[in-house]
Amino acid sequence: MPQNVERLPSVPRVLVIANQKGGVGKTTTAINLGTALAAIGERVLIVDLDPQGNASTGLGIGRESRQRSTYDILMEEVPLRDVAVETVVPRLSIAPSTLDLLGVELEIASFQDRAFRLRKAVAALGKEGNSPFTYVLIDCPPSLNLLTINAMAAAHAVLVPLQCEFFALEGLSQILGTVERVRRGLNPELSIHGIVLTMFDGRNNLSGQVVEDVRSHMGEKVYETVIPRNVRISEAPSHGKPAILYDINCAGSQAYLRLASEVIQRERVLRAA
Ligand SMILES: Nc1ncnc2c1ncn2[C@@H]1O[C@H](COP(=O)(O)OP(=O)(O)OP(=O)(O)O)[C@@H](O)[C@H]1O
Ligand SMILES: [Mg+2]
């Protein structure tokens, strides 16, 4: 690890939600896991690191109200707590993104600390021991670019959403390889928090086969909770709400609540270690 890199704080815990594959449920997981953690009393910040800004939109933060964004964090070193805005969910804030992020990779490429810009911001949150947040969840773009590298360099652990489809395992080795390289080169603390299987379709034999395959390859790294394909989950973002607020009783919301308790459970084990 390069010298003069800030240490990660113990509070907040920083989890990055990443998979280079598009449309696998990263943003849905960030929003609903964040909501579920907030519902059980955690103070959560979602960092939208995707120029598409789906997490921001899905939490009801319109483009016109994104005065400051994650671009300003990476480019101008504006503190995270100044960029964070509150959402409709109590105890859940978001650092929104704008399309400016599309250019950030080129703009920071010449900075010596280009991979550590977000880490610096996260470290500052915990500095005086009074972090406004207990969890930071970073939503990544569908790519292993400098934005995702910044996220991994700033995190304690990676949570990988994996869609229950034929090529699931193939994509997995790419992301695991990247995590390993980041661990070796940039962030020795980085671990795999877990793999969450998403969009499970019980009527489809393939879905069941994928769950079996992924479990037999990845063992305990795979969360028990499997997120079902559920229409309420796909409807919720257009209402600017997490599914858990839109319809707490639907199968998808219930699954995300279970995932949150598993995440907390694993956190206890990790902290005790
Ligand atoms: N469990 C689910 N059931 C039904 N639809 C879902 C489910 N999870 C996600 N979706 C829908 O699938 C689409 C992709 O999900 P999402 O945006 O969370 O993926 P992503 O990995 O963040 O995508 P991207 O790579 O583009 O950022 C969205 O329209 C979302 O509403
Ligand atoms: Mg997304």
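1. Apart from it lies a core of 33 residues, with L15, A157, Y223 and L259 among them. A nonpolar core here is a set of buried Ala, Val, Leu, Ile, Met, Phe, Trp, Tyr and Cys residues joined through side-chain atoms within 4.5 Å, where buried means under 20% relative accessible area, exposed over 50% and partly exposed in between (1.4 Å probe, protein chains only).

2. This is a predicted model, in which local features need pLDDT of at least 70 and side-chain atom pairs count only at pLDDT 80 or more, while totals for chains, interfaces and linings use all residues. Side-chain values use heavy atoms, without hydrogens and water, and residues are numbered from 1 along each chain as its sequence is written.

3. The largest nonpolar core has 56 residues, and V16, L80, L118 and I138 have the most contacts inside it. Helix α7 gives the most to this core, with 6 residues. Helices are DSSP runs (H or I, at least four residues), numbered from the N terminus.

4. I149, M152 and A153 of α7 meet I175, T178, V179 and V182 of α8. By class, this contact has 6 nonpolar, 1 polar and no charged residues; Ala, Val, Leu, Ile, Met, Phe, Trp, Tyr, Cys and Pro count as nonpolar, Asp, Glu, Lys and Arg as charged, and the others, Gly among them, as polar.

5. I248 is found in the loop between α11 (243-246) and α12 (251-272). I248 is partly exposed, at a relative accessible area of 43%.

Technical notes: Chains are lettered from A and ligands numbered from 1 in the order in which they are written. Contact means heavy atoms within 4.5 Å. Helices (H or I, at least four residues) and strands (E, at least two) are DSSP runs, numbered from the N terminus.
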